[in-house]
Amino acid sequence: MNQNTGILWIVGICAGVLLIGAMRKRTEWLLNFVLRMVLGTLAIFLINSSLQKFGMTSGVGLNPVTVLTSGILGFPGLAMLYGIYFYKNL
């Protein structure tokens, strides 16, 4: 198992624990947050993989800050992360 797979497993398990813990309150909000967080993590992984195919060695890192940013802000947060990345690296 490589590092990216391990990170995805950890994020999935944490999302599951959060979902179980808050089933009684704000289920719709929590489900929306977890879904955006998981999809944002998957999008970061896929975009970074695509950037590597074009010769860019690094991209937006998968860490708690980027996962929470994509979970809270959704697609605009993901666009912001890559906007900051391209601004600093180009």
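User: Why does Y85 count as buried?

Analyst: The relative accessibility of Y85 is 11%. Buried means under 20% relative accessible area, exposed means over 50%, and partly exposed lies in between (1.4 Å probe, protein chains only). Y85 therefore counts as buried. The model is a predicted one, in which local features need pLDDT of at least 70 and side-chain atom pairs count only at pLDDT 80 or more, whereas totals for chains, interfaces and linings use all residues. Residues are numbered from 1 along each chain as its sequence is written, and side-chain values use heavy atoms, leaving out hydrogens and water.

User: Which residues does Y85 touch, not counting those up to four places away in sequence?

Analyst: Y85 touches L51, M56, S58, G59 and V60. Contact here means heavy atoms within 4.5 Å.

User: What makes the pair of Y82 and Y85 edge-to-face?

Analyst: Rings of Phe, Tyr and Trp (its six-membered ring) pair if their centres lie within 6.5 Å; planes under 30 degrees apart count as stacked, over 60 as edge-to-face and the rest as tilted. By this rule there are 3 aromatic pairs. For Y82 and Y85 the centres are 6.5 Å apart and the planes make an angle of 85°, so the pair is edge-to-face. Ring pairs also link Y82, Y85 and F86 into a cluster.

User: How are Y82 and Y85 placed along their helix?

Analyst: They are 3 residues apart in helix α4, which means that about one helical turn separates them. Helices (H or I, at least four residues) and strands (E, at least two) are DSSP runs, numbered from the N terminus. The protein has 4 helices and 0 strands.

User: What makes up the largest nonpolar core?

Analyst: A nonpolar core is a set of buried Ala, Val, Leu, Ile, Met, Phe, Trp, Tyr and Cys residues joined through side-chain atoms within 4.5 Å. The largest one has 8 residues: I44, L51, V60, L62, L78, L81, Y82 and Y85. Helices α2 (27-53) and α4 (75-89) each supply at least two of its residues, and the largest share, 4 residues, comes from α4. Another core, of 7 residues, lies apart from it and has V11, A15, M37 and V67 among its members. In soluble globular proteins, nonpolar side chains tend to be buried together.

User: How do you know that α1 is roughly antiparallel to α2?

Analyst: Helix α1 (residues 3-21) and α2 pack at about 175°, with axes 10 Å apart. Axes are lines fitted to C-alpha atoms, for helices over the stretch in contact, and angles run from 0 to 180 degrees between N-to-C directions. Angles under 35 degrees count as roughly parallel, over 145 as roughly antiparallel, 65 to 115 as roughly perpendicular and the rest as oblique. The angle therefore makes α1 roughly antiparallel to α2.

User: Why does T41 count as buried, and what does it contact?

Analyst: T41, found in helix α2, has a relative accessibility of 1% and therefore counts as buried. Leaving aside neighbours within four places in sequence, T41 is in contact with L8, V11, L62, V67 and S70.

User: Why does T69 count as buried?

Analyst: T69, in helix α3 (residues 64-73), has 15% relative accessibility and therefore counts as buried. Beyond its neighbours within four places in sequence, T69 is in contact with G74, G77, M80 and L81.
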